[in-house]
Amino acid sequence: MSQKGKIGVTTENIFPVIKKFLYSDHEIFLREMVSNAVDASQKLKTLAVQGDFKGEMGELKVCVSLDEKAKTLTISDRGIGMTEEEIDKYINQIAFSGVTDFLEKYKDNANAIIGHFGLGFYSSFMVSDRVDIITKSYKEGAKAVKWSCDGSPEFELEEVEKADRGTDIVLHISDDCKEFLDKYKITELLNKYCKFMAVPVVFGKKTEWKDGKQVDTKEDNIINNVEPLWTKTPSSLKDEDYKNFYRALYPMQDEPLFWIHLNVDYPFNLTGILYFPRIQNNIELQRNKIQLYCNQVFVTDQVEGIVPDFLTLLHGVIDSPDIPLNVSRSYLQSDANVKKISTYITKKVADRLAQTFKDDRKDYEQKWDNLKLFINYGMLSQEDFYDRAKDFALFKDVEGKYFTMEEYKTLIKDEQTDKDGKLVYLYATDKDEQYTYIKAAQDKGYNVLMMDGQLDTPIVSMLEQKLEKCSFARVDADIVDRLIVKDDAKKETLEKDKSDNLSQVFRSQLPKLDKKEFYVEVEALGEQNQPVIITQSEYMRRMKQMSQFQPGMSFYSQMPDSYNLVLNSNHPLIKKVLDDEEAKNADALKPIISELKGQEARLAALHQAQNKKKPEEITQEEKDDVANTQKAIDEQRNKKNEILNDYAKGNKIVHQLIDLALLQNGMLKGKALDDFLKRSVDLIK
Ligand code: ADP
Ligand code: MG
C-alpha cells in the first residue's frame, strides 16, 4: 500500500519560506528533532507508569547517527512511535492560517515561529532536501509506516518493515548545509542543545587510543547528563556537587563564591541554580552566562529581558516551562509570568546575600571585593534591590576594614560633620597616588574610604541622593581644612598685594600641560603643612567621570581637568620666595604700583559717575576715558607681571616647589621631569 497526499497548510509552499526566513537560526533543527525523540521516549515511560503500556520497555535512548556517503543524519528513538493516523494528525495537518503573514512578522525570530505553530518537526526542512519518517507505534499490532517528503507540500506514505518500536527521522542533508554532515559540528550542537536532556542521547561510540590512533570502543558515546544537578533535591547535595557542576558548565572560570538552588512550583514552575561568580573588574566580560532551559532542553543564553540586567552577571541555569520562550523578546518582557519570575529571582538573590552576611560576616567580608561590583550594579539599577542591599552593602576603608553603611555613619558622625550639619564622607581612589592627602585626612582624625571600583562614581552620586544630608569628597578635592568646614571664622591671610604678587610668581612658571588647567591661590595652611598643594575640584572631576556613564553628559568629557595650586603662605619657603621677591623688586615695582593705584582709583571714580547716568546719556568722550584708563591699567599690570616673571624665571625654589607638587600628582613627565632631576642634583651638590 502506498499513498500520496498533500500536507494541510493553507499556503501553497511553506518550506521555501521556512528555509529563507529561518536561515539564521537553522541549527536549532537538531534540538527540535532530538527533543521530539526524547518526548516520545518519556511519553512511553509515562504510559508504562500508568499501566497503559505493558510491553517490554528495554533501554530507552536516542541515537544520532551520520552517514556521510548517503548524506543523511538520522535521529532514532524507541519511544511511542506513530501510527498512520497519528502521522496524518500530527505531521500532515499543520493546521493554521495566514502562515505567510506570520512568518513575515516574525522573520527575525525563528524560535517564535517554530514553537508557536508547532513547526518543530518542520524545521528539519531548513537543512534537508528530503525527510523520511520511519515509525512504528507501541500499540499492539501497529504497522510500521514510512512518510517521505521533499519539501514540497506533497508527501508519500507507505507501509514498511521495521523490527523495533519507535521512530527514525532521516534527514537527507542538502548540499548547501553540508556542515551538518560533519561529526564535529554535530558534536558541538548536541553539546549546546542536548547536554541535559532527560533521556540518554548517543552519538557514535566512545573512542580510545590504540596503536597510535583513535579507534571506536564498544561503549555508547552518551553526550548528555540526564539528571542535571538542578533537577535534584537540594538536601541531597553537597557543596562539592555544586562546585563540580559549575566546573562542568564553565571550565574556564574561577570557583564561584556561593550559589542559590531555585525550586518553585507555585505560582509558576521554575528550577535552577544560580552561582555568584568572582567578578573582578570588567562587568561587560561577565555577561550572558546564565543558560535558560525548558524542561532540560537548552533554549538560550541570552537572558536579558528575562531577568533584571544586574542578574545577568550571575552564572548558572534556569529551567522553566512557564517562560514563553517561543515568542519575541518584546513580548517576553511584558509577560506577567516573566515579571513574576524576575521579581522572585531578585528577591531570592537578596535573601541569599542577606543570609550569608548574617550567618558569617567574616566570610562575607572576604568575598566582598568580588561581590561588590555585582551588588553595586544591582543597587544602581534596581530600586527594590537597593532597598534590600543597603543593609548588607559594605564600605571598605583605606585600612581594609569593612563597615555597613549604618555602622560607617556612626563611626564618622562626630568627626566628619561640617558646620551646616552635613556629614562628609571622604574617599580615595588610589592609595599610593593619594597617600599624602589620605595621611593629612587621617591626621585630622578622619576616616577615608576606598572607592576604586568600576561603579564607584555613580554609587557615590546615588548615595548623596539617598542618604540624608551628606556629601562625598575625594581626599584631594581640597586642602584638608576645607574638605570639612567646621567654622566660619576666616583665618588671617596675606594682604591682597602680596598675595597677588606671589600668585603671579608661581602662575608664570607653571608648565603648559595638555588638557589640564591650574588656578593659583594663596592660603595660610600652617607651617607644618606642604608649601604647595595641588587639589582637584570634586565637582568637575565627578562630572567628567559621570559623562562616561551618561551619554547626555559628553560635554563634560571635553573639558580640561582643572586643578588648584594652593600656596601655603605660612610655609618658610613660600615666605622666603615672597621676601626675596620684595627685596629684589621693591624699587622697580614702587613707581608702577603707585601709577597703578592712581589709575585704578580713577577708573573706579569714572565708573561711579557713569553708573548714575542712563546708557544713552554717556558721551563718547566719557567712554573713551574709561577705555584709555583701562588700557593704562593693563599696561602697568603687564609691566608689573614682567618684572615678577623675570624674577620667578631665575628662582630655583619656585621651580622646585611647583615640580614637587606636580610630581606628587604624577604630572611631572618628560623634559620637565628631566629638568627637575638635574636641578635637584644641582641643589644638593
Ligand atoms: P511539538 O513537539 O511541539 O508537538 P513538533 O512539530 O516538534 O511539535 O512535533 C509534532 C508532533 O509530531 C509531536 O507532537 C508528536 O506527536 C509527533 N512526533 C514528532 N516526532 C516524533 C517522534 N520521534 N516520535 C513520536 N512522535 C513524534
Ligand atoms: Mg517538538
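Student: What kind of model is it?

Tutor: This is a predicted model: local features need pLDDT of at least 70, side-chain atom pairs count only at pLDDT 80 or more, and totals for chains, interfaces and linings use all residues. Residues are numbered from 1 along each chain as its sequence is written, chains are lettered from A and ligands numbered from 1 in the order in which they are written, and side-chain values use heavy atoms, with hydrogens and water left out.

Student: OK. How many helices and strands in the chain?

Tutor: There are 22 helices and 22 strands. Helices (H or I, at least four residues) and strands (E, at least two) are DSSP runs, numbered from the N terminus.

Student: And how much of the chain is buried?

Tutor: Buried residues make up 48% of its 685 residues. Buried means under 20% relative accessible area, exposed over 50%, and partly exposed in between (1.4 Å probe, protein chains only). As for contacts (heavy atoms within 4.5 Å), among those between residues at least 6 apart in sequence, 70% join residues at least 24 apart.

Student: Let's zoom in. Which residues of helix H6 are buried?

Tutor: In H6, residues 183-193, they are Lys 185, Ile 186, Leu 189, Leu 190 and Tyr 193. Looking down the axis of H6, these fall within an arc of 130°, so they line one face of the helix. The arc is taken from the directions from the helix axis to the C-beta atoms.

Student: Why would residues spaced like that point the same way?

Tutor: An α-helix has 3.6 residues a turn, so residues three or four places apart point the same way.

Student: And what covers the buried residues of H6?

Tutor: The cover includes helix H2 (28-50) and several strands, among them E2 (62-67), E3 (72-77), E8 (201-210) and E13 (297-300).

Student: Now E8. What does E8 form with E9?

Tutor: A hairpin, with two residues between the strands. E8 and E9 (residues 213-222) run antiparallel and are joined by six bridges, including the one that pairs Thr 207 with Asp 216 in E9.

Student: What's the phi of Asp 211?

Tutor: Near 45°, a positive value in a residue other than glycine. Asp 211 is exposed, at 76% relative accessible area. Lys 71, in the loop between E2 and E3, also has a positive phi, near 55°, but Lys 71 counts as partly exposed at 36%.

Student: Where's the cis peptide bond?

Tutor: Between Tyr 266 and Pro 267, with omega about 5°. Pro 267 sits in the loop between strand E10 (258-264) and strand E11 (270-276).

Student: Switching topic: how do the axes of H19 and H20 cross?

Tutor: The axes of H19 (residues 572-611) and H20 (residues 620-649) come within 9 Å and cross at roughly 170°. Axes are lines fitted to C-alpha atoms, for helices over the stretch in contact, and angles run from 0 to 180 degrees between N-to-C directions. The two helices are therefore roughly antiparallel; under 35 degrees counts as roughly parallel, over 145 as roughly antiparallel, 65 to 115 as roughly perpendicular and the rest as oblique.

Student: Last one. What does Val 460 touch?

Tutor: Not counting residues up to four places away in sequence, Val 460 touches Tyr 427, Met 451, Phe 472 and Arg 542. Val 460 lies in helix H14 (residues 456-466) and is buried, at 1% relative accessible area. Phe 472 is twelve residues from Val 460 in sequence and 6.7 Å away in space, C-alpha to C-alpha.

Terms used. Two strands pair if DSSP finds at least two bridges between them.
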